[in-house]
Amino acid sequence: MNISREEFEKHFTDFQREAFRLETLDDYSGSSDTECLRAFLAGESQPAHYNQEWADEVRANVQAGKRMYRVHVLCRPLTDYLRFELGWGYAKNAEAGEEFFILDVTEQANPLAGVPDFWMFDEMSVVSMDYGENGKFVGAESRPDVARWIEHRDVALAHAVPFHEWWERFGAE
C-alpha cells in the first residue's frame, strides 16, 4: 500500500527501539543536495548545513536510547555519488550516532539481488522505497510481510562489514 511522505516520515518519530535501512543504489543524486555534491566533487570543504537536519534527528533518537543503522550494498569502483555519500554523509551521520555497514559485492554475488531499498522500524513495520532516474525518490510503500524483511536485514548484516573497516581499506580507491 502506497503511503504519503508525511506517513513515511512519521515512522522516524514513532519508532521505539530501532530503525534499519537497506540501501541498494549507487546513485541517489536525484534526491540529494546538488550544490553540496558539486562542492564535494570540486574538492571544497563540507558546508556546515550539509545533512544537518538528518544528523540532528539521528542524534535525538540515539540520545533517547534508539538504534539507527543501515547496510549499503555496493560495488567498487565507487560512483562519484557514493564517494560523496560515504565520504561526507556517513561520516557526519556516524558522529550523530548512526551505525553503517557495507555489503561489498565487487567480488561476490549479491545475496539481496532484487530487494529494494527499505526502512524497518522496531521489526514491526516496513516501508520500501521507490526511486526513479538518478535515485530520485518517487514514493514509499508500506509492506505487511515483516518477517520477509527481517530475513533481508539479517542476510545484509551477515554479509556486511562495519563501514569504518571497509572505508579504511577501500575508501581511497
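A word on the model before we go on. It is predicted, so local features need pLDDT of at least 70 and side-chain atom pairs count only at pLDDT 80 or more, while totals for chains, interfaces and linings use all residues. Residues are numbered from 1 along each chain as its sequence is written, and side-chain values use heavy atoms, with hydrogens and water left out.

Eight strands form an open sheet with mixed pairing, in the order β1-β7-β6-β5-β2-β3-β4-β8. Helices (H or I, at least four residues) and strands (E, at least two) are DSSP runs, numbered from the N terminus, and two strands pair if DSSP finds at least two bridges between them. At the edges are β1 (2-3) and β8 (161-162), each pairing on one side only. Packed on the sheet is α5, which touches β2, β3, β4, β5, β6 (125-131), β7 and β8, its direction making about 105 degrees with that of β5. Such angles run from 0 to 180 degrees between N-to-C directions, with axes fitted to C-alpha atoms, for helices over the stretch in contact.

Strands β3 and β4 run parallel, joined by six bridges; H72 has I102 in β4 as its bridge partner. Six bridges also join β6 to β7, but these run antiparallel, and S128 stands opposite E141 in β7. In the hairpin of β6 and β7, with five residues between the strands, N134 takes a positive phi near 55 degrees. On to β1, which two bridges join to β7 in antiparallel fashion; here N2 stands opposite E141.

Finally, look at R143 in strand β7 (residues 137-143). R143 is buried, with a relative accessible area of 18%; buried means under 20%, exposed over 50%, and partly exposed in between (1.4 Å probe, protein chains only). R143 touches V126, S128, R148 and W149, again not counting residues up to four places away in sequence.

Note on methods
Contact = heavy atoms within 4.5 Å.
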